[in-house]
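Please read them with the structure open.

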Amino acid sequence: MDNFTRTQHNVVTMSDYQPHSGYASLSLVEAYWDALRAGREMPKRAEIDPRGIENALEHAFILERVASGVARMRIAGTHLHDIMGMEARGMPITAFFEQECRLKVSGLLEEVFQTPGCAELMMQSHGSLGQPSLEARMILLPLKSDLGDVSRILGCLVCVGDLGGAPRRFDLTSTTFRNVSDANGPRMPLPQLEVKGFGERPQPIVQPQAIAEEPAQPSWPPYLRLVKSDS
């Protein structure tokens, strides 16, 4: 089962970290990930404790790789639900992007899993009636599963501005990437990526009453709903 662990050992204090940016949550999540790995390539999924990123939980998510170029959300903050106008858990991360750039996003996912590396995506949603123009950023940080394979991602997505009507989908404006073995090195522009023969079968709609939820924990922030999945 893919659940947040709740041990004090995995809570990294970030109280002194006060960035002055609309994208502060991205930096906080990345700093937490970097502190947890403690010189290793990356931390394990089981080491992630939501209390360590409580100020960014509404923007955070956990992805699981289910096929080449396909990663679905196991956990998603309320900001992601607001963007899509529906429950985001179980959705592929490509659902947040326009059709034309989904293959590029799929290729980028494979770069994160296979290299492995960290990616940052700069995104834009063009305005229309009831939907003002939006800018957004996303980071993708690799995690090891309990089996030792790189099949999870800790991510964060932040939109700046009024969301307007949902759902909102984005185009890629630019991406940067760095190998986890060169964590302190500069981020490099990602080359054009292609994934041939990629496709997904339609997924059944899960009714809300069929979604099992974990019991609420008093010490957790109330705005992130964690869901247990036995898949």
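1. Burial first. A residue counts as buried when its relative accessible area is under 20%. By that cut-off, 48% of the 231 residues of the protein are buried. Bear in mind that this is a predicted model. The protein exposes about 11,600 Å². Carbon and sulfur atoms supply 50% of that area.

2. Overall layout. The protein has three helices and seven strands. From the N terminus, the order of elements is α-β-β-α-α-β-β-β-β-β.

3. Helix 1. This element covers residues 24–37. Its 14 residues should span 20 Å at 1.5 Å a residue, and the end C-alpha atoms are 20 Å apart, so expectation and model agree. Helix 1 is mostly covered, with 10 of its 14 residues buried. The buried set is Ala24, Ser25, Leu26, Leu28, Val29, Glu30, Tyr32, Trp33, Leu36 and Arg37. Their cover includes strand 3, strand 4, strand 5 and strand 6. Just after the helix, Ala38 has a positive phi of about 50 degrees.

4. The hairpin. Strand 1 (residues 60–67) and strand 2 run antiparallel and are joined by six bridges. Two residues lie between them in the hairpin. Gly69, in the turn, takes a positive phi of about 80 degrees. Ala67 has Val70 of strand 2 as its bridge partner.

5. Why is strand 2 described as largely enclosed by the rest of the structure? Strand 2 spans residues 70–76, and seven of the seven are buried, so the strand is largely enclosed. In a regular strand, side chains alternate between the two faces of the sheet.

6. Helix 3. The 13 residues of this helix (102–114) should span 18 Å at 1.5 Å a residue; the end C-alpha atoms are 18 Å apart, so the two values agree. Its buried residues are Val105, Ser106, Gly107, Leu108, Leu109, Glu110, Val112 and Phe113. Several strands contribute to their cover, including strand 1, strand 2, strand 3 (117–125), strand 4 (134–144), strand 5 (150–160) and strand 6 (171–179).

7. Nonpolar cores. Which residues touch the most other members of the largest nonpolar core? They are Phe96 and Leu140, in a core of 33 residues. Strand 1, strand 2, helix 2 (78–84), helix 3, strand 3, strand 4 and strand 5 each supply at least two residues of this core. Helix 3 gives the most, with five residues. A second, separate core has 23 residues, including Leu26, Val29, Tyr32 and Val158.

8. Phe96 in detail. Neighbours within four places in sequence are set aside here. Phe96 then contacts Met73, Leu80, Ile83, Met84, Ala88, Leu157, Arg168, Arg169 and Phe170.

9. Two single residues. Ser145 sits in the loop between strand 4 and strand 5. Is Ser145 buried or exposed? Ser145 is buried, with a relative accessible area of 7%. Leaving out residues up to four places away in sequence, Ser145 touches Ser151 and Arg152. Thr175 belongs to strand 6. With 16% relative accessibility, Thr175 counts as buried. The C-alpha atoms of Thr175 and Arg137 are 9.6 Å apart, although 38 residues separate the pair along the chain.

Notes. Residues are numbered from 1 along each chain as its sequence is written. This is a predicted model: local features need pLDDT of at least 70, side-chain atom pairs count only at pLDDT 80 or more; totals for chains, interfaces and linings use all residues. Side-chain values use heavy atoms; hydrogens and water are left out. Buried means under 20% relative accessible area, exposed over 50%, partly exposed in between (1.4 Å probe, protein chains only). Helices (H or I, at least four residues) and strands (E, at least two) are DSSP runs, numbered from the N terminus. Two strands pair if DSSP finds at least two bridges between them. The expected span of a helix is 1.5 Å times one less than its number of residues. Contact means heavy atoms within 4.5 Å. Accessible areas come from the Shrake-Rupley method with a 1.4 Å probe; for residues, only the protein chains shown count as cover. A nonpolar core is a set of buried Ala, Val, Leu, Ile, Met, Phe, Trp, Tyr and Cys residues joined through side-chain atoms within 4.5 Å.
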